[in-house]
Structures are given as structure tokens and as C-alpha cells.
Amino acid sequence: MTEQQLKNEAYKRGLAVRNTAVAAGCAAVLILSFIISMNTGYTKLSPQDTLRALFGGGTDKENLILFDFRLPRIVISMLAGMGLALSGCTIQGVSKNALADPGLLGINAGAGLMVVLYVMFFGAQTFLSVFTLPFLALAGAGAAAVLIYALAFKKGEGIAPLRLILTGVAVQAGISALTTLLVVKLDETQFDFVAAWQAGSIWGSNWRFVLALLPWLLLLIPYVLYKARVLDVLNMDDDVARGLGASVEGERRGLLAAAVMLAASCVAVSGSISFVGLVAPHLARRLVGPKHAILLPVCALTGAVLVSAADTAARVIVQPSEIPTGIMTAIIGAPYFLYLLAKSRR
Amino acid sequence: MNSIATENLAVAYDGNLVVDDLDMQIPQGKITVVIGPNGCGKSTVLKAVGRILKPRGGAVYLNGDDIRRLTTREVARKMAILPQAPQAPAGLTVGELVAYGRFPYQRGFGKLKSDDKKIIQWALEATRLTEFETAEVDNLSGGQRQRVWIAMALAQQTDLILLDEPTTYLDLAYQLEVLELLYRLNRGQSRTIVMVLHDINLAARFADYMIAIRRGDIIKHGAPEEVMTAGVLKECFHIDAEIVKEPRTGRPACVSYDLIRPTGDACDS
């Protein structure tokens, strides 16, 4: 090897070490966020009490607070953060649009409409099963996504990224309008439920919701990670990707479907949480660059940190009441979105 | 021996039939350059041949095999195609982009094997980019960037490389740099090169074989001396060209030209 090649190899090794360190750092922040979150809430528990309870030496009250109230909620926020972040990263990759977000594919709007319909017909109290809601949300999100995809599809050209985004915005606005129309007809308890869902309060704070979400993630996250290499190639011009031997339309459809399912299942249990799918991939890209093999895992970690931190903050900022997590993520996410928008216009 | 042959090829673009009933042969191991006026189907033909555009009718044969019978991966191991002025994702390094050339050979998670790495290093050396391996593609000059894309195509290890106007947006020196690189690849490693070029003088200088196209039809094909004639250029571009033998290369060159009026031809967009 020449001197230059040796230098390059050393540089690449350094970069790999740095990326691993960044991923480890994100994991550490996530653990920190977990600890802080465990200690945060209406009832004050000291870190020592928490630790003791975690290792099985807690009082009944401590156990109840930690294991039945806080832990499932923290786990849900982290899982939802991961799923939404990976969904956003996938959508940004295949649409080659840095401003794309699961919400743009109609996921939140479609799921929201189904939640409203469900509540209208079955009421807010008669929740038959937490396991039906992910499927319903998925049906709504899927229908919205298919509609957007079909409208954005042009024969002979396939799906142009810009058209996808514009169609997404339009369809989403339409569905939201319809939802609002229906919400007006709800009674008070139904309305409260829908409002809470729409604001993204992580209402599914018990273990059954974790169980309802987990299978989706266990199926979809490995699929998306497995497709890292394909996402890298789809991130370039379609003609380049085709030239390299990627079946662009098929892969794009598969990955979009996975992204829709990921976001829909997360949104079904966490409520309409927005901007995580937009912000987390951007943060991750800044940290480790555009290669999906490292970008996706780091993105999942940043997403988990974002939502769990937002959920923790949501619990403490206006104690003893709390603000919904979705509003917290929007408070962080919306300005960031505007910043990106301003930057992209330059 | 032909590397590519088309049979009754018909290609539509935006619903308009741009190419109809085209029979074209690309000789193996040669540099073939396609010339023609704007909007007359040069790029369309190249894309159809490179299976980026689906033909409306007819067939494309790659080394004698109907391209429809091959998977897109198999095609990518035989033929590399570079579109006009491609864009690299922000933040990607030269080495990373060149590594994408190994895509058609990878399976699963696709960690680069030592063979892949050797080929990438070789592609970087062949395009004189070794010192830029860790640089971001965005930070390079236009000529360097074009070399990076060519290096990616080289990493695909194909005998055949198609390029759509590889000299677009490049200044005179960079244009020559890119074309000389392709010339070296052709002569040194007998790779078949097919490209669309706007500049007919550069085309005549580097081509072994030229194809002049107008309105999706081949007007003339053959050696540069046969295609670079006043008669062909008149028919192809509607110009009155003065062709001389260029003193340095001995190739035909157009030293001056005038428009033939009235043009009134719908072909110029």
C-alpha cells in the first residue's frame, strides 16, 4: 500500500471508532434519560429508593409507582421514539427529501381519523382491547399512505419525491379537516380522549401497550436495518440507483410500507407525536453522516432519547398536572423544522 | 462482435414516442459516441439501452442476451450507466460513493469484503482519486466529482460503461481530463465505452465509432471520418459546417459553421 492509502485507512479507522463512540454516547444518554425519568414524577422518590426498588427491595407503593406507572410509560416513550425516528429516516431516505416525516405520508392524520371513528362508534370507555387500536391506526395510516402514493404515482415515471411530499401535505390536510368535522360531533368524554390522543400524551401507560407495540417493532426494525445498503443507494438519483441494480420501485414500496407500519404502530400507542421522525434523523446525520448502516441505529437512539426526554419534561414542567408529550416534541421540533426550511431555501 | 444491439426499439418519454423502430449496434471494445441535436432522443436511447427507461416496444440485447431476461442486478454486473450530472447525498465521502459500485455484488448487510476493498482502491487509483478518498464529494471540483462517478462505475467491474454527457458543466481542461480517462480505460482495459456528447469535435477526437441521431433515427454511423462530414452535419444539426483534418490529432473537426435558414424544425427544443 502507498503512503496515501495507509493514511486513508488510518483516517477511516478513526472515523469508525468515532462513530462507534457516538453510538455508545447516545446509548449512555438514553440510559441517563431513563434514570432521570424513573426519578421524575408527582411522587418524589430518591435515586437510592428507585435503585433499591429496581433490584426488588421496594415497598408496595414504590413498586406500584415504578413498575406499573413509570416504567411502562418510559419503555413506551423510548420504543415509540425509536420507531418514529426509524420511520422518518427511512422516508427521508427513499423520498430524498430532508423535510419528509411520517406525518407527511398521512400516518398521523390517517391514524387520527380511525381513532376518532373508533371512539365515535364504540365510545371512549369501551376499549375492547389495546391490541385492536394499533391495527385500526394501521388501517387508517395505511389507507392514507396508499392514497397519497397512488395520487403521487405517475405512469412511466414512478413516484417523484417532490410530488410525494406535495400530495402528502394536501391529503393530510383533507383528512385532518374530515377529522375535525367528526370531532365536533363527539360527546365530552369522547372528545377528551381524542384530544389527548391528538396531542400525543403517552396514554398507553401500562404493560399491555408495550406488548401490543413490541411485535411490530421486532418485525420491522430488523427489516429496515437489513435494508441499510438499499437505502444508501435509493438516496441517490433514481437513475443512478437503477444503474447500480436496485429495483427502485419495489424497494421503495417495501420500505415505505415498513415506515408506515412502524410509525402507525407507534402512534397508535403513544398518540400523535410529531416531528420526532423529522428531527431525529437530522441529529443522527449530523453526528455520523449519511451512511445508513450507522445512521439508522444512531437515529433510533436519538429518537428514543428525544421522546423519553420530552415525556419526562412533560411530567415536570407544569407539576402537578402535565402537558402531552406530543406537544413537547412539537415545541422542540417545530422551530427546528422552520430552521431546516430556512436553510434549504438558501 | 456487438456489445449492445437494439431491435425495433421504441421509447416514449412523457407519452411522446421519441424513438421508434431503432436498430442500433454498439461494437465491443470501442469508444462509441452518440451525437445529435437537443431533444432528439440521444439520452433517451442511452437510458433505454441502460434499462433505466422501459421501452415501449422492441428489444435490447446485451452481449446477445435479451436484457428483459436478465435481472437488474445481473445487468449491473455487465453494464454501468452514469446519468447526466448526478447528485451525491450530502456528506458522503469519495470512498463511500465509489464503494456503492459494489452494490450489485453485495448480499445481506453488505459488509465490504477484502476483494471489494481492493477493487475500490483500484478504481480510485485509476481515476487518480486516492488522495481524495476521505474527502466529501460536495467539496470537490466539477471535474473531480465527475471522476468520482466514473470511479463508482469502474468499481462495478463492468465491461461496458454508458455515460450521458459526462462533460456537462465542465470547463475545457476538465472535459479533456474526463475524456482522456475514459480513453485510457478503453485502450488499457478494453472496456466498451458508449457516451452521448454535445461537442462534436470532442466526439470526433475520442470516438472509434460515431452515431448521428436526429428525431430518434440514425442518420449515419461509422468511423468519425464517415460521420463528421458536411453532409451528415447538415442533415443532423441543420448547419453548414466547415470540416478540416485537425492538425494535432488527425481527426476531423468542425472549424466553423453557419445556420441553414429557414430551420423551422420542431426538433430543437
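1. Helices (H or I, at least four residues) and strands (E, at least two) are DSSP runs, numbered from the N terminus. Phe275(A) lies in the loop between α11 (248–270) and α12 (276–288) of chain A. Phe275(A) is not a glycine, yet has a positive phi of about 75°.

2. Basis. This is a predicted model, in which local features need pLDDT of at least 70, side-chain atom pairs count only at pLDDT 80 or more, and totals for chains, interfaces and linings use all residues. Residues are numbered from 1 along each chain as its sequence is written, chains are lettered from A and ligands numbered from 1 in the order in which they are written, and side-chain values use heavy atoms, with hydrogens and water left out.

3. Chain A overall. Chain A has 14 helices and 2 strands. Its radius of gyration is 21 Å, close to the 20 Å that the globule rule gives for 346 residues, so chain A is as compact as a globular protein of that length. (The radius is taken over C-alpha atoms; the rule is 2.2 Å times the number of residues to the power 0.38.) The C-alpha trace of chain A spans about 65 × 50 × 35 Å along its principal axes.

4. Burial. Of the 346 residues of chain A, 53% count as buried. Buried means under 20% relative accessible area, exposed over 50%, partly exposed in between (1.4 Å probe, protein chains only). Ser33(A), in helix α1 of chain A, is buried at 9% relative accessible area. Leaving aside residues up to four places away in sequence, Ser33(A) touches Met78(A), Val305(A), Ser308(A) and Ala309(A). Contact means heavy atoms within 4.5 Å.

5. Asp21(B) has phi near 55°, and is a residue other than glycine. Asp21(B) sits in strand β2 (residues 16–27) of chain B. With a relative accessible area of 48%, Asp21(B) is partly exposed.

6. Interface size. In contact are 27 residues of chain A and 37 residues of chain B. The buried area is about 2,700 Å², with 60% from carbon and sulfur atoms. Buried area is the accessible area (1.4 Å probe) that two parts lose on being put together, summed over both. On the chain A side, Arg229(A), Asp239(A) and Leu244(A) lose the most area to chain B, together 24% of what that side buries.

7. Interface pairs. Between chain A and chain B the count is 2 salt bridges. A salt bridge is a side-chain nitrogen of Lys or Arg within 4 Å of a carboxyl oxygen of Asp or Glu. Lys47(B) pairs with Asp239(A), the closest N and O atoms being 3.7 Å apart.

8. Asp239(A) again. Asp239(A) also forms a salt bridge with Arg242(A) (3.6 Å, N to O). The two are 3 residues apart in helix α10 of chain A, about one helical turn. Asp239(A) counts as buried at 18% relative accessibility. Arg242(A) is buried, with a relative accessible area of 18%.

9. A salt-bridge network. Shared partners join Lys96(A), Asp238(A), Glu249(A) and Arg252(A) into one network. Within it, Asp238(A) and Arg252(A) meet at 3.1 Å, N to O. Asp238(A) lies in helix α10 of chain A and Arg252(A) in helix α11, so the pair ties together parts that are 14 residues apart in sequence. Both Asp238(A) and Arg252(A) are buried.
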